[in-house]
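The sequence and the model are shown below.

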Amino acid sequence: FFFVVAMEGYSTLATPMPRRGRRSQFFVLGLASMALLAVVGGTHGDKSQLGWGAAKEPEKPVTTAEPTGKCMKLKKIGAIGLGALISLKLASNVLKTGSNSVDSLPGQTFVGQGIRAKGPISVYSVKMFLGNRAKSALSAFKGKNLKGDAAFTEALEKSSFQKTIKITMMRSVTPQKMITSFNDAVSTRVPKKTLTKIEEPLNDLLTKAFSGKASQKGSEITFSMTGGNFFAISVAGKQQGSLWSSDLCKAFTDIYVGPKAVSSGARDAIVSGISDMINT
C-alpha cells in the first residue's frame, strides 16, 4: 500500500496538471495515509501506550488486552476511508482529461467530459470532440469568460464545424429508457414545425441504435454532427443511420452544453476545455 501511495505521489509531481487538480491529488493521498494509520493503529487496551501502531512487546509477561471500543471504531473509520479512497481513485481514472486517458478522433480535438447521472446513479460518461476548424470559428470569444455566455453557446451550437459526442454506458438500462430520454430532450429543444418532421424518423433511428446491446454497461454510442445539418449515430463504431436537420444538430449539442444541459458538470468541463483550446 505504501508503495502505491509513493508511486501516486511521484505521478502527481511528475504529471503536468492545473494547481487545483494537483491539490485534489494530494488530498486523496492524504486520505489514503490517514485511513491506513486508522486501520493498523489505535490504542490496544493499554492506556500507557497511546501511540499509533501495535503496542510494543512489554518487558514482563502481561495478559493481552482485547481491542477497546475506541480502537475498533478507528479501524472501522479506516476501512471506510480506504473504501472512499478506492472510489475516488476509480472516479479519477474515469474522468482524467489528459491526452493519455481519452480517445482521439481524426481531425478533431477532445475538449471535455463528465458524467450523466440520475440522482446518485451514474448512467453514462460523455465526451465531446470538436473539429479542427472550431478554434478559428470561435476566435471571437478568445479571452472571455465563456461560462454562462449565451452568445458563445449559440455560436457553438449553430456552427458548421464537426462536433462529436461520445457516451459510454456506466450501467445497463432498458433500451426504451434511452430512446425516451433522447426523444424527450430533443422535443423541448426544436421548433414544433421541425419536431413534426423529425419526430418519427428520429424515434426510428434511436430505436435501431438501441435495439441491440447499446444500452448495456460498457457500450459506446457516438453522435456526430457534420456541416451543421447532418446528424448520425454509430454504436461500437458501426453506423446505425443518419438524418438531415440543422435544428436536430443544434438540439443535440444543446443537450450537453446548453443552459439546461443534462449534466452541468460535463457542460462546465466542456466549456472550460473549449476556452483552453481557444486561448492557446
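## Packing of helix 6 and helix 8

In this predicted model, helix 6 (residues 175-187) and helix 8 (residues 246-257) have axes that come within 9 Å and cross at roughly 110 degrees. The two helices, helix 6 and helix 8, are therefore roughly perpendicular to each other. Helix 6 contributes Phe 182, Ala 185 and Val 186 to the contact, while helix 8 contributes Leu 248, Phe 252, Ile 255 and Tyr 256. Sorted by class, the residues of this contact between helix 6 and helix 8 are seven nonpolar, no polar and no charged.

## Overall composition and confidence

The secondary structure of the protein amounts to nine helices and six strands. The protein has 280 residues, of which 38% count as buried. Among contacts in the protein with a separation of 6 or more, 62% are between residues 24 or more positions apart.

The average pLDDT of the protein is 78, and 64% of the residues score at least 70. Over residues 10-26 the pLDDT is below 50, and this stretch has 11 contacts in the model beyond near neighbours in sequence. Residues 83-101 likewise have a pLDDT below 50, with 18 contacts in the model beyond near neighbours in sequence.

The six strands form an open sheet in the order 1-2-3-4-5-6, with antiparallel pairing. Strand 1 (108-118) and strand 6 (238-244) stand at the edges; each has a single partner strand, so one side of each is left without a neighbour in the sheet. From one strand to the next, the twist averages 15 degrees. Helix 7 (residues 192-209) packs on the sheet, where it touches strand 5 and strand 6, and its direction makes about 175 degrees with that of strand 6.

## Strand 4 and its partners

Strand 4 (residues 220-226) is mostly covered, with five of its seven residues buried. On one side, strand 4 pairs with strand 3 (residues 163-169) in the antiparallel sense over six bridges. Strand 4 also pairs with strand 5 (residues 230-235), again in the antiparallel sense and over six bridges.

Phe 223 of strand 4 takes part in both pairings: it is the bridge partner of Ile 165, and its own bridge partner in strand 5 is Ile 233. Thr 226 has Phe 230 as its bridge partner in strand 5. Three residues lie between the strands in the hairpin of strand 4 and strand 5, where Gly 227 takes a positive phi near 65 degrees.

## Lys 166, a buried lysine in strand 3

Lys 166 is placed in strand 3. Its relative accessible area is 8%, below the 20% cut-off, and Lys 166 is therefore buried. Apart from residues up to four places away in sequence, Lys 166 touches Asp 103, Leu 105, Ser 125, Val 126, Lys 127, Phe 129, Glu 220, Ile 221 and Thr 222.

Phe 161 lies in the loop between helix 5 (150-158) and strand 3. With a relative accessibility of 1%, Phe 161 counts as buried. Leaving aside neighbours within four places in sequence, Phe 161 is in contact with Leu 130, Gly 131, Arg 133, Ala 134, Ala 137, Leu 138, Leu 156 and Met 225. The C-alpha atoms of Phe 161 and Thr 226 are separated by 6.6 Å, although these residues are 65 residues apart along the chain.

Is Ala 236 buried or exposed? At 62% relative accessibility, Ala 236 counts as exposed. Ala 236 lies in the loop between strand 5 and strand 6. Most residues other than glycine have a negative phi. The phi of Ala 236, by contrast, is near 55 degrees, a positive value in a residue other than glycine.

How values were computed:
Residues are numbered from 1 along each chain as its sequence is written. This is a predicted model: local features need pLDDT of at least 70, side-chain atom pairs count only at pLDDT 80 or more; totals for chains, interfaces and linings use all residues. Side-chain values use heavy atoms; hydrogens and water are left out. Buried means under 20% relative accessible area, exposed over 50%, partly exposed in between (1.4 Å probe, protein chains only). Helices (H or I, at least four residues) and strands (E, at least two) are DSSP runs, numbered from the N terminus. Two strands pair if DSSP finds at least two bridges between them. pLDDT is the predictor's confidence in each residue, from 0 to 100. Contact means heavy atoms within 4.5 Å. Axes are lines fitted to C-alpha atoms, for helices over the stretch in contact, and angles run from 0 to 180 degrees between N-to-C directions. Angles under 35 degrees count as roughly parallel, over 145 as roughly antiparallel, 65 to 115 as roughly perpendicular and the rest as oblique. Ala, Val, Leu, Ile, Met, Phe, Trp, Tyr, Cys and Pro count as nonpolar, Asp, Glu, Lys and Arg as charged, and the others, Gly among them, as polar.
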